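Let's walk through this structure together, one region at a time. Have the viewer open and follow along.

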Amino acid sequence: MRHDHDASVALLEQVNQALNERTPLRIQGGNSKAMLGRPVQGEVLDTRVHRGIVSYDPTELVLTARAGTPLAEIEAALQAQGQMLPFEPPHLGPEATLGGMVAVGLSGPRRPWAGSTRDYVLGTRVITGHGKLLRFGGEVMKNVAGYDLSRLMAGSFGCLGLLVEVSLKVLPKPRACHSLRLPMDAHQALGELAEWGQQPIPISAACHDGEALHLRLEGGEGSVASAVDRLGGQALDSRYWAELREQRLGFFAGDEPLWRLSLPNNTPLLNLPGRQLLDWAGAQRWLKSDAPAQTIRAAAAQVGGHATLFRQDPEPLQPLAEPLLRYHRNLKQQLDPQGIFNPGRLYADV
């Protein structure tokens, strides 16, 4: 493996060559999230030449690693110290990398209680569309004052720059964990979750699969034990949550279009054709449906949410309102003026 400096210089050289030749770049790590967003035409820039944990201080709860580092390697290092990435990022494939994790910004079942990927990004090193390797927020970049660049990179799908290194806040694993299954319908589950959300019940995951509500309780021994006594139900294998996060549950099988609905908390069940699986206590809903995109997007928008087609499609994301699209274009113009990084991955002209 090449030395850290050599690998970052090689990436910088590839970006500068692309800028000189005006060649678009398709940034990828393990390619485990290739089905998300719009297809990108461009020369492949593989981040995996630049891998490895740079520093990890368990007492400070901070880990810094290069963007091409396998996510599995990072989680193993944390596991050895009894720590974790609290937002449970989906891998969606064995080759998933740290850079891809931040770029797509997806979070797992603990998201409503612990926060998202973006919330745990402390700093980044990024190669910009000006051909410079900058650290945020150490170095200040002209014309982008006011942007929190590191957090903007989360969920940007590589459209704003090339992530080279990421520093993350990590947390200790909870002392006690118990999962259970409560048979009830989705309407009742949403009602119960709204009520329990006002009470000191240590819920850290909640999913309804059409037949039963699945809960994970995490925290101190005492609080978890008393919540189990109070709620009852049947014990559930804790591996359920990884299966849900990685979309390996039976619900996700098959070729029907898979939609992700992101909705405000406590939204009632939407009347849409197809099957639904409720995650994040109902704030993230998976929908398997052949209904027209317009119907699904309109239903989500009506309650203040949005819908994303989760498998590559000409227009996977809900179209942006004109003022929002203008912000996206302006940001892209500031950070990637020649438009070489993953052009069109999110929206056709961004």
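Which elements do the buried residues of α8 pack against? They pack against β10 (176–183), α7 (186–196) and β12 (212–219). Before going on, a word on the ground rules: this is a predicted model, in which local features need pLDDT of at least 70 and side-chain atom pairs count only at pLDDT 80 or more, while totals for chains, interfaces and linings use all residues. Residues are numbered from 1 along each chain as its sequence is written, and side-chain values use heavy atoms, with hydrogens and water left out.

Helices (DSSP runs of H or I, at least four residues) and strands (runs of E, at least two) are numbered from the N terminus. Buried means under 20% relative accessible area, exposed over 50%, and partly exposed in between, with a 1.4 Å probe and protein chains only. Helix α8 covers residues 221–231, and Val-224, Ala-227 and Leu-231 are its buried residues. They sit on the same side of α8 because they cover an arc of only 65° around the axis, the arc being that of the directions from the helix axis to the C-beta atoms. An α-helix has 3.6 residues a turn, so residues three or four places apart point the same way. Glu-221, Gly-222, Asp-229 and Arg-230 are exposed on the other side of α8. Just after the helix comes Gly-232, with a positive phi of about 70°.

Now turn to α2. Its buried residues are Leu-71, Ile-74 and Leu-78. These cover an arc of only 65° around the axis, so they lie on the same side of α2. They pack against β3 (53–57), β4, β5 (83–84) and α3, where contact means heavy atoms within 4.5 Å. Gly-82 follows α2, and its phi is positive, near 70°.

Next, the interior. A nonpolar core is a set of buried Ala, Val, Leu, Ile, Met, Phe, Trp, Tyr and Cys residues joined through side-chain atoms within 4.5 Å. The largest one has 28 residues, and Leu-85 and Met-101 have the most contacts inside it. Elements that each supply at least two residues of this core include β4 (62–66), α2 (71–80) and α11 (322–335). Leu-85 touches Met-101, and among its other contacts are Leu-71, Ile-74 and Leu-78. A second, separate core of 24 residues includes Trp-241, Phe-251, Leu-325 and Val-350.

Strand β4 holds Ala-65, which counts as buried because its relative accessibility is 0%. Among the residues that Ala-65 touches are Ile-74, Leu-98 and Val-166. Ala-65 and Ser-167 are 102 residues apart in sequence, yet 6.6 Å apart in space, C-alpha to C-alpha.

What about disulfides, meaning pairs of cysteine sulfur atoms within 2.5 Å? A search of the whole structure finds zero. The sulfur of Cys-207 is 15 Å from the closest cysteine sulfur, in Cys-177, so the two are too far apart for a bond. Cys-207 is buried, at 1% relative accessible area, whereas Cys-177 is partly exposed, at 44% relative accessibility.

Finally, look at how α11 takes part in the largest pocket: it gives the most to the lining, with five residues. The lining has 39 residues, and Val-104, Arg-118, Gly-155, Phe-157 and His-306 lie nearest the centre of the pocket. (On a 1 Å grid over the protein atoms alone, a pocket is an open set of points where a 1.4 Å probe fits, with protein on both sides within 12 Å along at least five of seven lines; lining residues have an atom within 4 Å of a point.)

Notes: A disulfide is a pair of cysteine sulfur atoms within 2.5 Å.
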